[in-house]
Amino acid sequence: MKTDQAPTGQRRRVAILGSTGSIGVSTLDVVARHPDRFEVFGLSSHQRVAELVEQCLRFQPRVAVLPDRARAQEARHLLAERGSRTEVLEGARALSQLASAGEVDTVMAAIVGAAGLPACMAAASAGKRLLLANKEALVVGGALFMRAVAEGGATLLPIDSEHSAIFQCLPEDRSGWGRHIDHIVLTASGGPFRGRDPESLHGVTPAQAVAHPNWVMGRKISVDSATMMNKALEVIEARWLFDLSPAQVRVVIHPQSIVHSMVVCHDASVLAQMGTPDMRVPIAYGLSFPERIASGAPRLDFLQLQGLTFEAVDERLFPGLGLAWQALAAPPGTTAVLNAANEVAVECFLQGTIRFTDIHTVNARTVERLTPVLAASATLDDLLELDRRARDEAARTVRALAL
Ligand code: NAD
Ligand code: MG
C-alpha cells in the first residue's frame, strides 16, 4: 500500500498549515462537505488567534500550532474556556512535527512564503500526500524539495490552479509522458493593471494592487498577481513539478481565468482544463485524487460566457515575468534569491516604504548582486541561509529606494 493511501473505510487525517488564510479557509470549506472522507488532525496560523480558535471549536483537531508562546497561551486560554481538548503547540519546529506526524496522511501546505519550506520538506520526507499551495517553498527548495518527495515516497499534488490544470490534463500514470509534451502554457489573468500605461504604475497604492479582478486571495499573492511575479514563481514551480526545461514553460494572458492552463503535445493537440475561477476545485481534486468529489464551486455555464480571449504579455508593463527564466538559467539557488527579494519588496510596498514599480528594481538588483554558490550536496539549512542573505541584500536596495 502506498504511504499516501488512507486505509479502506478510514477517513483521511488532514493537517492544514496556514488554515486561517485564503487557501486554508477554502480547504476547510471542502473538508466540511465530506465528513465521511476527511478528519482534521491539525491546524496552524501565524497571527489570527481568534480565527484559529473558532476553527478549532468547529473542527476539533487534535493539534493547533501558533508561532510563539504569547499567541499559544492566548489560544490555550480561549480554548479551555470553551471546553476544547485541542492541544496547542508553539514554534516553527512544531509545524514540521505536525507535517510529519504519524497520524497525518494528508498535508495541505497553505503557508505563504519561504517560511513554509521546512514543514513542506518534513511532509515530503515523511511520505505524505502533500497538497502544495505554498509555491514559494518549491521555488526556494527546487531540486532538494523534489528529491525529498522522491526519497520520502510522498505524493505531491499541485494546488495552484494552473499546475492543477496541467496535472489534470496528464494521464494518471505519467511515466514516459514527458516525451509527448512539446510545451505547456500557463494562463495569467493579467491582474488589475492589464492594459495600463507602464508609466502610470508608479503611484499605484496597496489597495489598488490587491484588488484582483477574478480571484480573492491573500495580500502577498495579490500583489504578486499585479506585478506578474506570481506567474514568474509559477513558471519556476512548473519547471520542477513537471520536470520540464524552462523553454517548455510559456505564459499567455487570458483575462477571463476560465482556461486554467494547457498542455501542447508534439502532434499539435492541446489539452486544457477549464472551470469557474474557484480554488475549491483544485483543492478538492488534491484532497480526493484520483477520485472527484463535490467542491462547492459553481459550474461553468458556457452559454453565459462572453468569450475567451488570449493575448501576449506586455513586457514593459510586467518586466518581472522574465526574471523567472533568467533565474532558472543562473546558478542553482538563484530562484531562492529571487523569491526572497520579492517577499521583502512586496512587504515593503504594502507598508508604504517603496513604490509599486520599485518591487521589480529590488528583485532584479538582488539577483544581479547575489550569485549563490551552492554545492550539489546543499541542505535545507544552506537554502535557509541563502534566503537570509538574499533578504539582507534586498533590504539594502530597499533602503536606497525608500520614499
Ligand atoms: P494568506 O495570506 O491568505 O494566508 C497565509 C496563511 O499562512 C495564514 O494562515 C497565515 O497565518 C500563515 N502564515 C503566514 N506567514 C507565516 C509564517 N511566517 N509562518 C507560519 N505561517 C504563516 O495566503 P493565501 O492566499 O492563502 O496563500 C497561501 C499560499 O497559497 C501562498 O503561497 C500562495 O501563493 C498560494 N496560492 C494561493 C492562492 C489563492 O487563491 N489564495 C492560489 C494559488 C496559490
Ligand atoms: Mg496560480
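1. Basis of the note. The model is predicted, so local features need pLDDT of at least 70 and side-chain atom pairs count only at pLDDT 80 or more, while totals for chains, interfaces and linings use all residues. Residues are numbered from 1 along each chain as its sequence is written, chains are lettered from A and ligands numbered from 1 in the order in which they are written, and side-chain values use heavy atoms, with hydrogens and water left out.

2. The sheet. Four strands, in the order β9-β8-β10-β11, make up an open sheet with mixed pairing; strands here are DSSP runs of E with at least two residues, helices are runs of H or I with at least four, and both are numbered from the N terminus. Two strands count as paired if DSSP finds at least two bridges between them. Because β9 (249-253) and β11 stand at the edges with a single partner strand each, one side of each has no neighbour in the sheet. From one strand to the next the twist averages 20°, where axes are lines fitted to C-alpha atoms (for helices over the stretch in contact) and angles run from 0 to 180 degrees between N-to-C directions.

3. Strand β9 and its partner. Strand β8 (residues 181-188) runs parallel to β9, and five bridges join them. Ile184 has Val249 in β9 as its bridge partner, and Thr187 stands opposite Val252 in β9. Four of the five residues of β9 are buried, so the strand is largely enclosed by the rest of the structure; buried means under 20% relative accessible area, exposed over 50%, and partly exposed in between, with a 1.4 Å probe and protein chains only.

4. Helices on the sheet. Helix α7 lies across β8, β10 (259-265) and β11, and runs at about 45° to β10. Helix α10 packs on the sheet, where it touches β8 and β9, and its direction makes about 150° with that of β8; contact means heavy atoms within 4.5 Å.

5. The magnesium site. The magnesium ion (ligand 2) has Asp160 (OD), Glu162 (OE) and Glu234 (OE) as its protein donors, lying 2.1 to 2.2 Å from it. Glu162 in helix α7 (residues 161-169) and Glu234 in helix α10 (residues 229-241) are 72 residues apart, and the pair links distant parts of the chain. Glu162 is buried, with a relative accessible area of 8%, and Glu234 is buried as well, at 1%. Donors are N, O and S atoms within 2.8 Å of the metal (3.2 Å for Na, K and Ca), and sites may look incomplete because water is not among the atoms.

6. A pocket. The second largest pocket is lined by 30 residues, of which Leu156, Phe167, Glu172, Arg174 and Leu241 lie nearest its centre. The largest share of this lining, four residues, comes from β7. A pocket is found on a 1 Å grid over the protein atoms alone, as an open set of points with protein on both sides within 12 Å along at least five of seven lines, and lining residues have an atom within 4 Å of a point.

7. Two single residues. Val270 is in strand β11 (residues 270-274) and is partly exposed, with a relative accessible area of 45%; not counting residues up to four places away in sequence, Val270 touches Met262, Val263 and Val264. Ser96, in helix α4 (residues 92-100), is buried at 17%.

How values were computed. 1 Å grid on protein atoms, 1.4 Å probe; cavity = no way out; pocket = protein on both sides within 12 Å on 5 of 7 lines; lining within 4 Å.
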